[in-house]
Amino acid sequence: MSGFEDYLDDFLSSWRKSSLDEIKYKISDTYQAREISSQSELYDFGYEESIQGWDQAFSAFQKNGTKWVLKKLAVTPVRRNEMLAIIFASIEVDGKQSETGSVFFDTFRKGVQGNWKLVRSYIEAGVPIEHITAFQTEEK
């Protein structure tokens, strides 16, 4: 699992840096995701829409100095060569953390060449930060 932990730390580092080029490389071109908004609206999307979303967020956040706050809540194997990482993501603007964030249930798969890629996500958006404090979180 240590190889995956290193990969996940690198994935989160790319996210924190808002590096679209690095994130693109870490997501499978067969990626599928489902997001539930804070109003309980459902959005299904794939690789292209995901990259567009990352690009929009990274561009907007870099312009106004927004900082990502990412916490690994849990990491566990789900299948042979697949790992699930539960990540809480919120933002900080002018030193003040957002009152809500998103919980990502991200599944990563190790390919035949030994590379890990994000293959699936289930995302709950608009989760109040106080609901996350029940988890033993590791600041990353």
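**Chatting about the aromatic rings**

User: Hi! Are Phe-11 and Trp-15 buried or exposed?
Analyst: Hi! In this predicted model, Phe-11 is buried, and Trp-15 is buried too.

User: What's the relative accessibility of Phe-11, and why does that count as buried?
Analyst: Phe-11 comes out at 0%. Buried means under 20% relative accessible area, so Phe-11 qualifies.

User: Which aromatic pair does Phe-11 form with Phe-108: stacked or edge-to-face?
Analyst: Phe-11 and Phe-108 are edge-to-face, with 5.3 Å from centre to centre and 80 degrees between the planes.

User: Where do those two sit?
Analyst: Phe-11 is in helix α1 and Phe-108 is in strand β6 (residues 100-110), so their pair ties together parts that are 97 residues apart in sequence. Phe-108 is buried as well, at a relative accessible area of 0%.

User: Nice. How far apart are Phe-11 and Trp-15 along helix α1?
Analyst: They are 4 residues apart in helix α1 (residues 2-16), which means about one helical turn separates them.

User: Zooming out, how many aromatic pairs does a search of the whole structure find?
Analyst: The search finds 15 aromatic pairs. One of them is Phe-11 with Trp-15: the ring centres are 6.1 Å apart and the planes are at 80 degrees, so this pair is edge-to-face.

User: Which residues do ring pairs link into a cluster?
Analyst: The cluster joins Phe-4, Tyr-7, Phe-11, Trp-15, Trp-54, Phe-58, Phe-61, Trp-68, Phe-104, Phe-108 and Trp-116.

User: New topic: where does the charged end of Lys-117 sit?
Analyst: The charged end of Lys-117 sits over the ring of Tyr-25, at 4.4 Å from the ring centre.

Key
Residues numbered from 1 in each chain as written. Predicted model: local features only at pLDDT ≥ 70, side-chain atom pairs only at ≥ 80, totals over all residues. Heavy atoms only, no water. Phe/Tyr/Trp six-rings, centres within 6.5 Å; stacked < 30°, edge-to-face > 60°. Buried < 20%, exposed > 50% of the residue type's maximum accessible area, 1.4 Å probe, protein only. Lys NZ or Arg CZ within 6 Å of the ring centre and 35° of its normal.
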